[in-house]
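User: I have just opened this one and would like a walk through it. Could you start with the charged pairs, and tell me what the terms mean as we go?

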Amino acid sequence: IILVVAIVGAIGAVVGSGGAANESQDGTYQAQVSEKTESFRELVSEYCEKYGIDDYVDLCLAVIEQESSGTEQDVMQTAQSYYNVNPPIDSAEESIDCGTHELSDCLTKAKCHDIKGISLALQGYNFGNGYIDWALKNYGCYTKENAGIFSAKMCAELGCSSYGDTEYVPHVLRYYVMNEETSVSNEP
């Protein structure tokens, strides 16, 4: 019995070693992005490590793909970021520095460990991380519906006709897909 428990534990450790972003029951995730976006992988890895989110390189690449397809100088669209202390954004590296720092804050605030937490963090990246506090307090999590409610609330408060992208989470997640090779199944 002890041997079986040890073997099952070792298998679980190997299968589960995909990182904090990949601790869902479903498997690990990877970015499926353009070559231009993929060309930023090394730089994104460097800044993800700097801000303590090394397990989220592929998520950052998915954000870049959604924000700019890697074709603009401000690849992560961080001109309005509170980390952009010396506007304007003059390089992809400066954008990635600000963007990964901001995404790190959102992932931490969302207490991210699975795709639900990632979804909350992503919507916070788009709306500003005040959304995360609001969603947790009022709903306990991200939903597409509460993203719409928050957007409408902010439009009313700011007197504007639109606020953020209420479809941001599915827009990013289409580039952040499950790696089928690591999917877990109970089928024989």
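Analyst: A salt bridge here is a side-chain nitrogen of Lys or Arg within 4 Å of a carboxyl oxygen of Asp or Glu. With that in hand, Glu-38, Arg-41 and Asp-58 are linked in a network of salt bridges. Please keep in mind that this is a predicted model, in which local features need pLDDT of at least 70, side-chain atom pairs count only at pLDDT 80 or more, and totals for chains, interfaces and linings use all residues. Residues are numbered from 1 along each chain as its sequence is written, and side-chain values use heavy atoms, with hydrogens and water left out.

User: How many salt bridges does the structure hold?

Analyst: The structure holds 5 salt bridges. One of them joins the side chains of Asp-58 and Arg-41, at 3.0 Å from N to O. Asp-58 lies in helix α4 and Arg-41 in helix α3, so this pair ties together parts that are 17 residues apart in sequence; helices (H or I, at least four residues) and strands (E, at least two) are DSSP runs, numbered from the N terminus.

User: Are Asp-58 and Arg-41 buried or partly exposed?

Analyst: Asp-58 is buried, with a relative accessible area of 19%, whereas Arg-41 is partly exposed at 25%. Buried means under 20% relative accessible area, exposed means over 50%, and partly exposed is in between, using a 1.4 Å probe and protein chains only.

User: Which residue does Asp-133 form a salt bridge with?

Analyst: Asp-133 forms a salt bridge with Lys-109, and their closest N and O atoms are 2.9 Å apart. This pair links distant parts of the chain, with Asp-133 in helix α7 (residues 130-138) and Lys-109 in helix α5, 24 residues apart. Asp-133 is partly exposed, with a relative accessible area of 41%, and Lys-109 also counts as partly exposed, at 27%.

User: Changing topic, what is the order of the elements from the N terminus on?

Analyst: The protein has 9 helices and 2 strands, and from the N terminus on they run α-β-α-α-α-α-α-α-α-α-β. Of its 188 residues, 41% are buried.

User: Which residues form the negative surface patch?

Analyst: The negative patch is formed by Glu-42, Glu-46, Glu-49, Asp-54, Asp-55 and Glu-93. Patches are made of residues with over 30% relative accessible area and no salt bridge, where like charges are joined within 9 Å and nonpolar side chains (Val, Leu, Ile, Met, Phe, Trp, Tyr) within 5 Å. Asp and Glu count as negative and Lys and Arg as positive, while His and the chain ends are not counted. The place of a charge is taken as NZ of Lys, CZ of Arg, CG of Asp or CD of Glu. Helix α3 (residues 41-50) gives the most to this patch, with 3 residues.

User: And where is Asp-54 found?

Analyst: Asp-54 is found in the loop between α3 and α4 (57-68), and at 45% relative accessibility Asp-54 counts as partly exposed.

User: What is Ala-62 in contact with, beyond its neighbours within four places in sequence?

Analyst: Taking contact as heavy atoms within 4.5 Å, and leaving those neighbours aside, Ala-62 is in contact with Ala-31, Val-33, Val-172, Tyr-175 and Tyr-176. Ala-62 has its place in helix α4 and is buried, with a relative accessible area of 0%.

User: What about Thr-78, buried or exposed?

Analyst: Thr-78 is buried, with a relative accessible area of 1%, although the residue is found in the loop between α4 and α5 (92-109). Apart from neighbours within four places in sequence, Thr-78 is in contact with Asn-84, Ile-89, Ser-95, Cys-98, Gly-99 and Tyr-125.

Methods:
Areas by Shrake-Rupley, 256 points an atom, 1.4 Å probe, with all protein chains shown as cover.
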